[in-house]
Amino acid sequence: MLLAGLCTVDVVQRVEELPAPGEKVQSLRVDVAAGGPATNAAVTAAALGAEATLLTVLGAHPLAALARADLESHGVHLIDLAPDLPDPPPVSAATVRDRDGERTVVSRNAAGATFIGKVPLLAADVVLLDGHYPELALGVARGAEAPVVLDAGSWKPVFDELLPLVDIAACSAHFRAPAPGLHERGVGTVITTAGPGPVRWSTADGGSGEVPVASVEARDTLGAGDVWHGALAVAVTRERTVTDRIRFANEVAAERVRQVGPRSWTTAIAGRNRT
């Protein structure tokens, strides 16, 4: 499968309580890993046994080596579209509260970044986009001969052009699109997650429904949505119905939030490989 979008370097501090403004606290542990919606989805897909290729922009800055090493160790094939870029990659600072896994995140993501280059045409059984590099997302979607899944966490201007090329839009509860609706823009299936609430879905032919989310003790919610999207993309190649695809993604995301740390969950979900 092919995943295209943002790759960050995540510095994650785990604390007993989230600090108030002006307060200093000592962390219980610190982790450094690659992050970003498409990147975490790629790690998820690889952990589930898929051949995951990530198209992104990392560059030649020393910080980029941290992300490269993490992706390599988790079986993700990386294609860096700007390997000589001297600028540092986006860095995300995350703080996770130990007792319930709640987190705060400060990140610039790809704000102000522009991808200029030729997008390679790669064969894939499914494509996932996060829209963080508009030219990249459009190039991949226009060349795709497989189902295109969009991680629609928040509205981005590129979505006006991108949505007619999307088969499945997986939206957060906070996602708001200007009129017309996503189905009217050409999206065949729209899925909306709501944290611990049921996942709702609808199709352009009038089908709709919801799938419950299992109640679990959350230990770490960082990147859980990205993991859900990666599992959904894998399920597109393995499950026939929308409800079965959502149910599979729900199970994988539930396992992620049970585990402490940005990568410990990958071992836990490896047993969920299906063919």
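A residue counts as buried under 20% relative accessible area, as exposed over 50%, and as partly exposed in between. The views below show a predicted model.

**View 1. The salt bridge between Glu 17 and Arg 99.** In this predicted model, the side chains of Glu 17 and Arg 99 meet in a salt bridge with an N to O distance of 2.9 Å. Because Glu 17 belongs to the loop between strand 2 (8–15) and strand 3 (29–35), and Arg 99 to the loop between strand 6 (91–97) and strand 7 (103–107), the pair ties together parts that are 82 residues apart in sequence. Glu 17 has a relative accessible area of 39% and is therefore partly exposed, whereas Arg 99, at 52% relative accessibility, counts as exposed.

**View 2. The salt bridge between Asp 70 and Arg 263.** The closest N and O atoms of Asp 70 and Arg 263 are 3.0 Å apart in this salt bridge. Asp 70 is located in helix 2 (residues 62–73) and Arg 263 in the loop between helix 6 (242–258) and helix 7 (265–269), so that the pair joins parts lying 193 residues apart in sequence. Asp 70 is buried, its relative accessible area being 10%, and Arg 263 likewise counts as buried, at 11% relative accessibility.

View 3. Asp 244 is partly exposed, with a relative accessible area of 29%, and Arg 247 counts as partly exposed at 38% relative accessibility. A search of the whole structure finds 14 salt bridges.

**View 4. Strand 9 and the strands that pair with it.** Strand 9 (residues 148–152) is mostly covered, five of its five residues being buried. Both of its faces are covered, with Val 148, Leu 150 and Ala 152 buried on one side and Val 149 and Asp 151 buried on the other. Strand 8 (residues 127–129) pairs with strand 9 in the parallel sense over three bridges, and Val 149 in strand 9 is the bridge partner of Leu 128. Together with helix 3 (residues 134–143), strand 8 and strand 9 make a right-handed β-α-β unit. Strand 9 also pairs with strand 10 (residues 168–171), in the parallel sense and over four bridges, with Asp 151 standing opposite Ala 170 in strand 10.

Key: Residues are numbered from 1 along each chain as its sequence is written. This is a predicted model: local features need pLDDT of at least 70, side-chain atom pairs count only at pLDDT 80 or more; totals for chains, interfaces and linings use all residues. Side-chain values use heavy atoms; hydrogens and water are left out. A salt bridge is a side-chain nitrogen of Lys or Arg within 4 Å of a carboxyl oxygen of Asp or Glu. Helices (H or I, at least four residues) and strands (E, at least two) are DSSP runs, numbered from the N terminus. Buried means under 20% relative accessible area, exposed over 50%, partly exposed in between (1.4 Å probe, protein chains only). Two strands pair if DSSP finds at least two bridges between them. A crossover is right-handed if, with the strands pointing away from the viewer, the path from the first strand over the helix to the second runs clockwise.
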